[in-house]
Amino acid sequence: MQSLADVLRRLLHMVLPGECAGCGTALSDDPVPFFCRPCWAGLSPLGGPACPRCGRPFASPVALTFSPDHLCGSCRQKRPAYTKAWSLYPYTPPLRDALRLFKYRGKVALADALGRLLHSSAMPQRLDLLMPVPIHSSRLREREFNQSLLLADRLNRRLQLPLSFDNLVRLRPTVPQTELSRSARLKNLRRAFAVLRPDDVREKRILLIDDVFTTGTTVNECAKALRKAGAADIYVCTLARTI
Ligand SMILES: [Zn+2]
Ligand SMILES: [Zn+2]
């Protein structure tokens, strides 16, 4: 007898494209929408030496051999506002294709599979609150969902933490970063986030979730707003990182 899950999966495949978005082979009973089993199984997590503060991969493990707390150049120059950030996968195909389908083409059917990838992450000992990086209300209207909230929700099936998604808000829409120089981008993001109810984050250890870590500016600005509101620690877990 077929389970309900099998039936639903088959129905889902009827309305989904028949080819893997990673390699183009025909899909059949592959468990992840849009991707064949070998492509998804081939996702390889980041595991090399990295800056213990911002997660920037180090070219060689030497930096950490004698001092495990060795920070990368940019963290030494200016300490991030967050306590620690880490990413699970490189932002490369096929995960990059999956995240683009998910975020820009509204393929929310990928939320479960992408969220499950976060389940493998080691987590800090004690956390009080889970928060997605917010998107601006105009972007939310256009996209109809916040991809980071969906990821946080799926991760929370494991963590079971209070999930806060309307306290940290984005005050200004982002201009696509490709259109801006680095300094203009920093300026665009400065004070772009605010905490509406500081009492709810005061003294809290917060886990912030986002899909992709690029320069880290976005999560750092979120962390600044949370620190200003009195948060004790801000940990930043992102699914992918540009390398
Ligand atoms: Zn494939
Ligand atoms: Zn660093």
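**Close-up 1. Helix α6 lies across strands β1 and β6.** Its direction runs at about 125 degrees to that of β6. Angles here run from 0 to 180 degrees between N-to-C directions, with axes fitted to C-alpha atoms, for helices over the stretch in contact. Helices (H or I, at least four residues) and strands (E, at least two) are DSSP runs, numbered from the N terminus. This is a predicted model, in which local features need pLDDT of at least 70, side-chain atom pairs count only at pLDDT 80 or more, and totals for chains, interfaces and linings use all residues. Residues are numbered from 1 along each chain as its sequence is written, while chains are lettered from A and ligands numbered from 1 in the order in which they are written.

**Close-up 2. The buried residues of α6 (residues 111-118) are L114, G115, L117 and L118.** They cover an arc of only 150 degrees around the axis, which puts them on the same side of α6. The arc is taken from the directions from the helix axis to the C-beta atoms. Buried means that 20 or more other C-beta atoms lie within 10 Å of the residue's own; exposed means 12 or fewer, partly exposed in between, with C-beta atoms placed from the backbone. The cover over these residues includes β1 (84-90), α5 (95-104), α8 (147-159) and β6 (233-241). Contact requires C-beta atoms, placed from the backbone, within 7 Å.

**Close-up 3. Four parallel strands form an open sheet in the order β1-β6-β5-β2.** β1 and β2 (129-132) stand at the edges with a single partner strand each, so one side of each has no neighbour in the sheet. From one strand to the next, the twist averages 20 degrees. Helix α5 packs on the sheet and touches β1, β5 and β6. The direction of α5 makes about 105 degrees with that of β5.

**Close-up 4. Strand β6 pairs with β1 and with β5.** Strands pair if DSSP finds at least two bridges between them. β1 and β6 are parallel and share six bridges; A85 has V236 of β6 as its bridge partner. Eight bridges join β5 (residues 205-213) to β6, also in parallel. Among the bridge partners are I234 for I206 and C237 for I209. Seven of the nine residues of β6 are buried, so this strand is largely enclosed by the rest of the structure.

**Close-up 5. β5, helix α10 (residues 217-228) and β6 make a right-handed β-α-β unit.** Right-handed means that, with the strands pointing away from the viewer, the path from the first strand over the helix to the second runs clockwise.

Technical notes. Two residues are in contact if their C-beta atoms, placed from the backbone, lie within 7 Å.
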